[in-house]
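Dear colleague,

Please find the structure below, together with a summary of what was found in it. I would be grateful if you could read the two side by side.

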Amino acid sequence: MGEEQLQRERMEYDVVIVGAGPSGLAAAIRLKQLAAAADRELGVCVVEKGSEVGAHILSGAVFEPRALQELIPDWRKKGTPLATPAAEDRFLLLTATRALRLPTPPQMANHGNYIISLGNLCRWLAQQAEELGVEIYPGFAAAEVLYDASGRVQGVATGDMGIGRDGQPTDRYQPGVELLAKETLFAEGCRGSLTKLLMQRFRLGDGIDPQTYAIGIKELWEVAPDQHRPGLVVHTIGWPLDTATYGGSFLYHLENRQVAVGFVIGLDYRNPFLNPFEEFQRFKTHPAIRLFFEAGRRVAYGARALNEGGFQSIPRLDFPGGALIGDTAGFVNVPKIKGSHTAMKSGMVAAETIFRRLSGSPEAGVRRALEESWVWEELRRVRNIRPSFRWGLWAGLAYSALDTYVLRGRAPWTFHHHADHLQLARASEARRIDYPRPDGKISFDRLSSVFISNTNHEEDQPPHLRLREPEKAIAVNYRLYDSPEQRYCPAGVYEIVQQAGTGEPYLQINAQNCVHCKTCDIKDPEQNIDWVVPEGGGGPNYPNM
Ligand SMILES: Cc1cc2nc3c(=O)[nH]c(=O)nc-3n(C[C@H](O)[C@H](O)[C@H](O)COP(=O)(O)OP(=O)(O)OC[C@H]3O[C@@H](n4cnc5c(N)ncnc54)[C@H](O)[C@@H]3O)c2cc1C
Ligand code: SF4
């Protein structure tokens, strides 16, 4: 242990939760409810790497209130930011010039749901948690898992502040804090950086399918009054993607003339020349879509990866001293395009389970308890839909109809997943894609987009995007795949530039632009990029994404 680590302050709790998203906050609230009902003191702490709760939350979002209803039955009386009930669903197949209306699949019917900003819901959940006595520390990134001598997880340490680019303490130096707990819940969201270490150490993924992912890129617009239909939910498939690439768009009309528009692309895409950001910009120029935005104003931008593995990819959730909850374990229902309700429910079930563990039933398991909850049945029934799209859009649609309407989720088979990073074709075998230039009105470039994500990182700090073997950036990524990170990063962090003098290419990493979407950690063909937490508080500052 280094000298500065010895100086770290220690704080002790019963439960520490990493991440103030819907899963972490639901777990914190449930724990305090259970403690109050049992008339027990229970110290619960939540750490959040965003500068405030909600700053790093990006979702669609159409929200299914089932878990919220179970957690806070009188939520309607408590000023919840669920202001816009979903009123109408449209499901469109786009060609380059036309939009054909398809029947809305039952999973995508949103009657009873709400169109929300998930960031604002998290801010509200945080208030409810604090009123129950939960301590929430935004601006603190959990950088290290702490283990006791027996190898049991005993909490996390937040990252040191004020370490310079050279790894040496600067005059801003402040050591991290050790947050010790009897139980630690990891609620880091999709592709958690500490979860990745726990998965390896405790082999939580043995015997299951690999997790698979998509990248979701989103903008928030203020549209002209005559284009605003509060409660309208539009999903599209088809153009501008080819039929081999899984993905589509969402367009949700919220309150106050706001429209959330986004594009999701499965990270099993094959063509290294595909640029998810440009596909999204091109999508907005479709004649059936652009009319929503023509007299509008773009107000926010961001991106985040989401899980697509579903049922087959749920890892073992328990390890000595804690458990995984929410998207870091992967509970997104892909055909529904929803994960917040399952994330919240997994947090609640985990809270109930570890409360039992803390009350003298050490054998209680989070995974076992979740297997008995509605989350399990919900994900089990739709498990074959996403993997069926590996045969392309038409086969996927046909199989999904069969699975939904005829088999009703009871097929006696289970399709399997392949890891996304293994799917890229070599550049020499792939078609180059020409994207139109942005018009600055409906379509934009990446840098002006990142600007409105309000992303900020302390510049003098060690890189938080680490190449395990730096030479592979050119020897493998550039030579074999034409450096796909130049294109899949929605923030333009990775750039191939020519060295002055020699003209040799090298990879420049503009880490200060990173919006923490985690795509590079997932899609790099050699798994050579490690995303680790930067200094707490760094990253995007989403107002209401
Ligand atoms: C584009 C897009 C559209 C979506 N649309 C919908 C939708 O319409 N409806 C729906 O229900 N779901 C939707 N989802 C999915 C939904 O957003 C997720 O399922 C949900 O946010 C998962 O909640 P979570 O608590 O597990 O993780 P998150 O919401 O990701 O929250 C994790 C939190 O942990 C923090 N954190 C992570 N690591 C650390 C660390 N080491 N230290 C401290 N803090 C940390 C993060 O900053 C973040 O605040 C969408 C997702 C995306 C990306
Ligand atoms: S550097 Fe990686 S995590 Fe950051 S925005 Fe780009 S792809 Fe996402």
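Which residues make a nonpolar surface patch of about 290 Å²? In this predicted model, the patch is formed by Leu402, Tyr405 and Val406. Val406 belongs to helix H12, which covers residues 393–406. Its relative accessibility is 58%, so Val406 counts as exposed, the cut-off being over 50%.

Turning to the salt bridges, the count comes to 35. Glu183 takes part in a salt bridge with Arg152, with 3.9 Å between the closest N and O atoms. Because Glu183 is in strand E13 (residues 177–186) and Arg152 in the loop between strands E9 and E10, this pair ties together parts 31 residues apart in sequence. Glu183 also meets Arg357 in a salt bridge, at 3.1 Å from N to O. Here the link is between distant parts of the chain, 174 residues apart, with Arg357 in helix H8 (residues 340–358). Glu183 is buried at 5% relative accessible area, and Arg357 is buried at 13%, whereas Arg152 is partly exposed at 32%.

A further salt bridge joins Asp268 and Arg386 (3.1 Å, N to O). Asp268 lies in the loop between strand E17 and helix H6, and Arg386 in helix H11, so the pair connects parts 118 residues apart in sequence. Asp268 is partly exposed at 22%, while Arg386 is buried at 7%.

Finally, ligand 2 is surrounded by 14 residues, the closest being Cys489, Cys514, Cys517, Lys518 and Cys520. This shell divides into 11 nonpolar, 2 polar and 1 charged.

With kind regards

Definitions and conventions
Residues are numbered from 1 along each chain as its sequence is written. Chains are lettered from A and ligands numbered from 1 in the order in which they are written. This is a predicted model: local features need pLDDT of at least 70, side-chain atom pairs count only at pLDDT 80 or more; totals for chains, interfaces and linings use all residues. Side-chain values use heavy atoms; hydrogens and water are left out. Patches are made of residues with over 30% relative accessible area and no salt bridge: like charges are joined within 9 Å, nonpolar side chains (Val, Leu, Ile, Met, Phe, Trp, Tyr) within 5 Å. Accessible areas come from the Shrake-Rupley method with a 1.4 Å probe; for residues, only the protein chains shown count as cover. A salt bridge is a side-chain nitrogen of Lys or Arg within 4 Å of a carboxyl oxygen of Asp or Glu. Helices (H or I, at least four residues) and strands (E, at least two) are DSSP runs, numbered from the N terminus. Buried means under 20% relative accessible area, exposed over 50%, partly exposed in between (1.4 Å probe, protein chains only). A residue is near a molecule or strand if one of its heavy atoms lies within 4 Å of it. Ala, Val, Leu, Ile, Met, Phe, Trp, Tyr, Cys and Pro count as nonpolar, Asp, Glu, Lys and Arg as charged, and the others, Gly among them, as polar.
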